Amino acid sequence: MSELSVNHLLGIKYITNKDIDLIFETADHFKEVINRPIKKVPSLRDVTIANLFFENSTRTKLSFELAEKRLSADVINFSAAQSSVKKGETLIDTVNNILSMKVDMVVMRHPNPGAGVFLSKHINASIINAGDGAHEHPTQALLDSYSIKERLGEVAGKNVVIVGDILHSRVALSNIYALKLQGANVMVCGPNTLIPKHIERLGVKVETNLRKALEWCDVANMLRVQNERMDISYFPSTREYTQQFGVDKALLDSLNKEIVIMHPGPINRGVEITSDVADSDQAIILDQVQNGVAVRMAVIYLLASKIKN
Amino acid sequence: MSQKVLLNATEVNIILHRLACQLIENHNNFSNTVLIGIQPRGKYLANRLASILKEDYSISDLKLGHLDITFFRDDFRRTGKTVEANQTKIDFLVEDKNVVFIDDVLYTGRSINAALTAIQSFGRPREVELLTLIDRRFSRHLPIQPNYKGRQVDAINNEKVKVHWLENEDEDAVYLVTS
């Protein structure tokens, strides 16, 4: 029987295409489960999961928590804002304290890139990276690819452009890994200042003209400008950014084909996309949110099956 | 490994018709009854019975579904391997319906126990019955018995009952395999 090649989901970089296929197949079944009148299965009734959020999150945290509860796991939540981290406790100490309460799995978001990898070397529980700084956000990339597959039938051979703040985006990096792994063609588009140097080495095209990028692509994944991670000014003004890299209905209608619009949220309406685009049939933003629960259920289920009882 | 034939194609066919007739005796025109094939192997039997009921006995309005019990199993993380899930396809609610579970082999009863929990996600059935092609006697772990059975088999633990279906294995037959 198939199982994941890894014991943790630390990043897309560490998994294989076969793993992605298995996750998607399992997610298909969970998508059916969450559309039943009773949306819960008892698989993980003897598993305890700690959601450790050292950085703010709304939808990812809710999505993970819902996925865990739909699988009947016991869930404990921790957010750094109200914790001993503020009193100077180290990451390993914090996590070990939580694990000594017999926790089997950790879902962690942390502002430092590599926090998940670091932790996996020091503790026994299975770890799911829910975002580590500007590094990776693997479940977001998985649900993005799953949503593309659902809408377009397959990911392989499709042209996907990721637009916006590539430099500060963990969603962009995980998406690049995931899309390349599945055989899609990937382009990044944004102001020069927000595109990391040497990103071509990951096998992606770079484009600074949004219209050209949209004409090339089947799917445009619009990212938010992450003002909270910006230490300096990367573009003159939000208004100028919107003029060059914002997508509105007129721009979409002027293309000679219909492209799919994605957004990992939260949306800054009127900045990276306008309201009429976000709410149009071309946008699969709310599908992404629904698929997020199914994909996360699949990841948790498959990793939990590898935890020694 | 040796195997012996328990039922050949003709015998399977006779049994299927008998089971179909027994279902009609108890469920009349099936207006308040649904047939649920338990995945992965029960679906072949359920599909076959449904087509016999429709084609040979003119039951026109028959509700048929397939139920996967993978996420309801009681041995998750206990067998050391991940069990792949199958598709659940139930396009109706079972609220206040007579449900007939259909599976090819009844062995320990644990799958049916899981199915009893799983079906509750689709409503509260009025009554649940069990139909099985092969009933392996004396091997039950739980107090579960079939209401309709094709053939009873006394098999010891290192023996396995394998049901072949025309749709999947190119023949209708039941084998007793000794490892």
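Two residues are taken to be in contact if their C-beta atoms, placed from the backbone, lie within 7 Å. In this predicted model, contacts in chain A between residues at least 6 apart in sequence join, in 75% of cases, residues at least 24 apart, and the corresponding share for chain B is 69%.

**The two chains**

Chain A contains eleven helices and nine strands. Its radius of gyration of 19 Å is close to the 19 Å that the globule rule gives for 309 residues, so chain A is as compact as a globular protein of that length. Chain B has four helices and eight strands, which follow one another along the sequence in the pattern β-α-β-α-β-β-α-β-β-β-α-β. For chain B the radius of gyration is 16 Å, close to the 16 Å given by the globule rule for 179 residues, so this chain too is as compact as a globular protein of its length.

| Chain | C-alpha extent | Buried residues |
|---|---|---|
| Chain A | about 55 × 45 × 35 Å | 47% of 309 residues |
| Chain B | roughly 45 × 40 × 30 Å | 37% of 179 residues |

**The interface**

Where the chains meet, 18 residues of chain A are in contact with 18 residues of chain B. On the chain A side, the elements that give two or more residues are helix H1 (17-33) and helix H11 (285-304) of chain A, with H1(A) providing the largest share, four residues. Classed by residue type, this side of chain A holds nine nonpolar, six polar and three charged residues.

Methods: Residues are numbered from 1 along each chain as its sequence is written. Chains are lettered from A and ligands numbered from 1 in the order in which they are written. This is a predicted model: local features need pLDDT of at least 70, side-chain atom pairs count only at pLDDT 80 or more; totals for chains, interfaces and linings use all residues. The radius of gyration is taken over C-alpha atoms; the globule rule is 2.2 Å times the number of residues to the power 0.38. A residue is buried if 20 or more other C-beta atoms lie within 10 Å of its own, exposed if 12 or fewer, and partly exposed in between; C-beta atoms are placed from the backbone. Ala, Val, Leu, Ile, Met, Phe, Trp, Tyr, Cys and Pro count as nonpolar, Asp, Glu, Lys and Arg as charged, and the others, Gly among them, as polar.
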